[in-house]
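Trainee: Could you take me through one part of this model in detail? I'd like the contact between two of its chains.

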Amino acid sequence: MLAKYIARRLLASVVVVLGVTLITLLLMDRTRGAYVPGIDFNPSLRPEDIARLRADLGLDRPFYEWYLSWIWGVLHGDFGHSMIDGSTVMSHIVDRLPNTIELTATAILIGMVVAVPVGVIGALRRGSKTDHALTVVSVAGFAVPQFWMGLMLILIFSVTLEQHGLPWLPSSGAYSPFNGGDVLDRLQHLVLPATVLSFFYVSTWSRFIRSSMLEVLSQDYIRTARAKGMSERRVVYLHGLRNALIPLITLIGLELPGLVSGGLVVEVVFGWPGIGRLAFERALQYDYSTVMGVTFFATLLVIAGNLLADLLYGVLDPRIRYG
Amino acid sequence: MIGPSRVAELDMPAAGIETGTARPAQSYWNESWERLRANRIGIAAGILILIFAVIAVMAPLFSLILTHYQPQTINLDQTFMKPGSTHLLGSDELGRDTLTRLIWGARVSLGVAFLTVAMSLTLGTTVGMVAGYYGGWIDDVLMRLVDTVLAIPAIFLFILMSILFRPNAFTLAAIVASVGWGSVARLVRGEVLSVKQRDFILATRSIGARDTRLMLRHLLPNVLPVLIVAASLGVGQIILIEAALDFLGLGIQPPTPSWGNMLTNAQSYFFRSGFLVALPGIAIFVTVLASNMFGNAIRDAFDPRLKS
Amino acid sequence: MSDTATAKHLTRAWTVNDPLVSVSDLKVWFPVASGVLQRTVGHVHAVDGLDLDIMAGETVGLVGESGCGKSTLGRTVIRLIEPTAGTIRFRGEDISHIRGGHLRGLRREMAMIFQDPYASLDPRQTVGDIIGEPIDVHGLAKGKERQERIRELLRVVGMNPRFADRYPHEFSGGQRQRIGIARALAVEPTFIVCDEPISALDVSIQAQIINLLENLQSKFKLTYLFIAHDLSVVKHISNRIAVMYLGKIMEVAPAAQLYRRPRHPYTGSLLSAIPIPDPKVELRRERVLLQGDVASPVNPPSGCRFRTRCPRAREHCAEEVPPLESYGDEHKAACFYPLD
Amino acid sequence: MTQPLLEVQDLHTVFSTKEGTVKAVDGVSFELHSGETLGIVGESGCGKSVTAMSIMRLQRPGRIVGGKVMFKGQDLTRISEYEMREIRGREIAMIFQDPMTSLNPVYRVGWQVSEPTRLHNGWDARKALSSAVNMLGRVGIPSASARARDYPHQFSGGMRQRAMIAMGLTTTPQVLIADEPTTALDVTIQAQILDLLRDVNREFGTATILITHNLGVVAGMCQRLIVMYAGKVVEAGPTADVFANPKHPYTWSLLRSIPRLDAERHEPLKPIEGLPPNLVDLPSGCAFHPRCVFRVERCARDVPALIQVGGTQRAACWVTQAGTELKGV
């Protein structure tokens, strides 16, 4: 039963969400010491003001009390207010999440569109020069630090092109692409960061599809298909590819958490106003409530990603039954 | 790590037994080794890693006899030098010798990577093996823990922990390993579950062997190839993670040189000296590439069925 | 290999005329989980109320199709699977739930030979280590004596003692099966469960292994539970044969008699389904083709489990479980409308 | 005798391995007449499956390096890949050992069974499916139109093998190659499938090549058989004659080494000693000579040809060719 299966998975997820948020809070609580978030912006505060601020933010309470009231809030859809700027945590997330999704979705899309044919070609021409060349490129793709690649692209496509008076691509400044700037401007800002991110995906997935395809092509049912007199093209694409793509679903599902962690470096390099950068900046300032909010959503994404992947798996592979 | 000593042990003919004359005993390890040796690129990658490791270990010696500089010696008369006889690979904005800093940086970057891999592997293997072997509620509890660890956006953990611990090489390794063990545990558990299905485990139980014997004498050697591959690929990944953390200002703090913070630092001098950006980048790229290629080569050697 | 009379704490008021192994009302159920909380919603009735006696020195053959529970029975008898209910006696002593040192003591009395000679040997161990492991586990010998024993065991199963430092993958299926047999013999057992020991082997090798098992039996006074799906092999090697279907014994009889005069319709059709390598016989035989497939062991049919495929089934068969009835001379069958 | 339907002449198929070249099929010749069932018997690695795959030109990564496969006047080893595809699944169908893995897990059974007619006869999906359902019913799948919508994993092993047979028959081929079709099945299911194959042979007149290691199966199914050992045919002839009076020591020993259900007394089996040969490093002369109880000096030196021995059989053995009878040792 599918509904029961989902219910069971979600039940198990509750434990994970509680675990993750608790660990995050504990770590922040340990690291913060006597520091009060936001204090840097107000050097003139008197000790009694600080005490009042602490009480306002709930920092005078032990962490478990704070945690329980936070949980209580979350259950009521209230993620609290940022400890730095006072606006609601939800408004920050609503502000930043679409940007991150725009970037990652583009990268994943490009990744799949490029990786699938590259992987299939590698498997079909196994051992050929093409295969070796593709292998070298993808293995190299693993080895380049993302931020370094980002910097190099900026150096070439923004700085150098601009210096020579050629058309250039913006290196940063994609602020709030959903309000300011037209579609073209948004795309221009997207090109470089999406390239860096998708390069990594292509490297990983093309290798994966290649080996998965090789595995599938050695299966008995491929021999059956050939014995039926099918063309090699039909054998590969109709009978092989569908089976080879199934495991990729899991891999992509696991990529969803990359929305926050994986994309962070790219967001920082290109000044992309995404959710990863938000979390990074706020964690450095001990903005408890914002970090907790982002953590919560990030964990939900991980869980949703895994669940979605498993469900899709079931759609593509009729052998999987949920029970 | 664990690999070589096991291989040696298995290779030795048992005392008191005449060796066969037909052909020499070919152990699984021997055959894998033969296949690995035939892979020239893989071997070259392995040797490169080894050379880097030796350089890292001998860094003090190198800076004494080769470069004649210490990594933190500042000389404001010799800033942004091009590579030449004074500074073999040039110098940075404070006149520090780039080659010396790269050599000492290798110490940090490779040290962190090896340490992290060792820690993740130890913890991950233990947890994965116990979970996979015993199953039931032990498996449930341990795997829920692994799920939690893997669901934490790793970057938060790194941020918070680096603030908490003010990382040096050792703590940084511990921080990265605190997340890394999770995927190792999953890997090992999956492997254990599949090895456990095989009849020889049942056969060993049928002669009355204890759990520890089953795990150490039968499961571990059969999981080992996967671990060796994971270790080799892991070194590359962790060098990248460490560099990214340095870039975010969360890793090894200057003035201690690491490839990551050298690269980050050099960004500001992008246009004054391309070498400063290129050299640590190349060091990272080459090391990670070598580690990945070596890992792939080992995988091919251990599992010829998956050979690429 | 001669001193089989080492410390046997297991002997009590048991005489040689009693069964060596006695299984009564044995049940082995595996839970099937489902739902939000993974509650157990049913069981696979792998073995479901089964009685069987095995006398010292005899070979009992156990036949049935895949999924009938014969391997589960074999593994439960030597306590590799925990029984759900019922008792297993060995030399009169109830061993159904013994643990720890007591169970380890039992492991010296019983051994197992496996079907797949590729999966049943650890690929990372030398042949010497594989055969030596039981010796180490029970501390039977050390150093030179241990090596001598390993070589002796290899000789006993017809292999060159020099092979001790080789690895399993260097050997063919038949040779590997010999190694597995040597491992089983290393503890000097009295009772061996042979779980389809020849079905993975080449035709020309099967006879070698059957003969080896027969020779070892007379040499070391072994008792076998011989599990197989091939009735001709079972008939050749067994004194008595038990026929299993969906977790229950349908018929048990001396080997020759089972073939000559089967009582249970399942036995009858099983016998008729086995091709005989002789065109003269084969082209003239009458066949009783069974319809359909084996029913699910999660929800076995009511009454007689075979009734869904039985050509002789009547209403009564669905209402009551037929008991094992005696047809004289150790011949028993569980059927209301037996063949005559 | 009439012109054979399929004629394999001196077929050689090799595989290149690290240890050396493996001659998996080493000069195999046989004929298949329309309507008959021919058995190919041998142990694993004797080349019987590779022979079948070579007929279909599906022997990759092996290479056919010699010989002919004559079918309807053309040599299948020479025609183009495109022409070969027209023969596969249309004129010659094949079913395999493991029905569990031989069907594609992600497509419905009906779709897979109807694929050959869609492809070869150009039928539209509806027509192809209804013919597939019809065929599924004829091979004994109950409520075939409903089961056609199932996926392979919802079928039992026996049902899958029936579906495989149906898939082969939809194009009414002239030859059906069955490669160990019952090895993975239980005996009662094996009996059902063999029965079905007999019916197919009778009803459709399909000539069948039945590959098996089970001498019992051959005895009940085939009019003629060939026995293979180490890539070569060692004996060929009418089934009744070969079983009654084997002319090759391998056949002779094999028949004595297997226990018979109808044996009256318990007699020790007489195994063939030694091991099947390593195909990379075959013994000189007759490949069976190291295990042969009748061997003479010449056996280790010269390779015997497959020639007429006695009235109806052919055997590749120096001993029987010299007129010696094979008798108990």
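Mentor: Here is a walk through the interface of chain C and chain D. The model is predicted, so local features need pLDDT of at least 70 and side-chain atom pairs count only at pLDDT 80 or more, while totals for chains, interfaces and linings use all residues. Residues are numbered from 1 along each chain as its sequence is written, chains are lettered from A and ligands numbered from 1 in the order written, and side-chain values use heavy atoms, without hydrogens or water.

On chain C, 39 residues are in contact with 43 of chain D (contact being heavy atoms within 4.5 Å). About 3600 Å² is buried between chain C and chain D, 62% of it from carbon and sulfur atoms; that is accessible area, with a 1.4 Å probe, lost when two parts are put together and summed over both. In chain C, the residues losing the most area to chain D are C:Val203, C:Ser204 and C:Pro277, together 17% of what that side buries.

As for charges, the rule finds 1 salt bridge across this interface: D:Arg260 meets C:Asp278 at 3.1 Å, N to O. The cut-off there is a Lys or Arg side-chain nitrogen within 4 Å of an Asp or Glu carboxyl oxygen.

Now the elements, where helices are DSSP runs of H or I with at least four residues, numbered from the N terminus. Helix 6 (203-220), helix 7 (231-237), helix 9 (265-273) and helix 10 (279-282) of chain C each give two or more residues to the side touching chain D. Helix 6 has the largest share, 8 residues.
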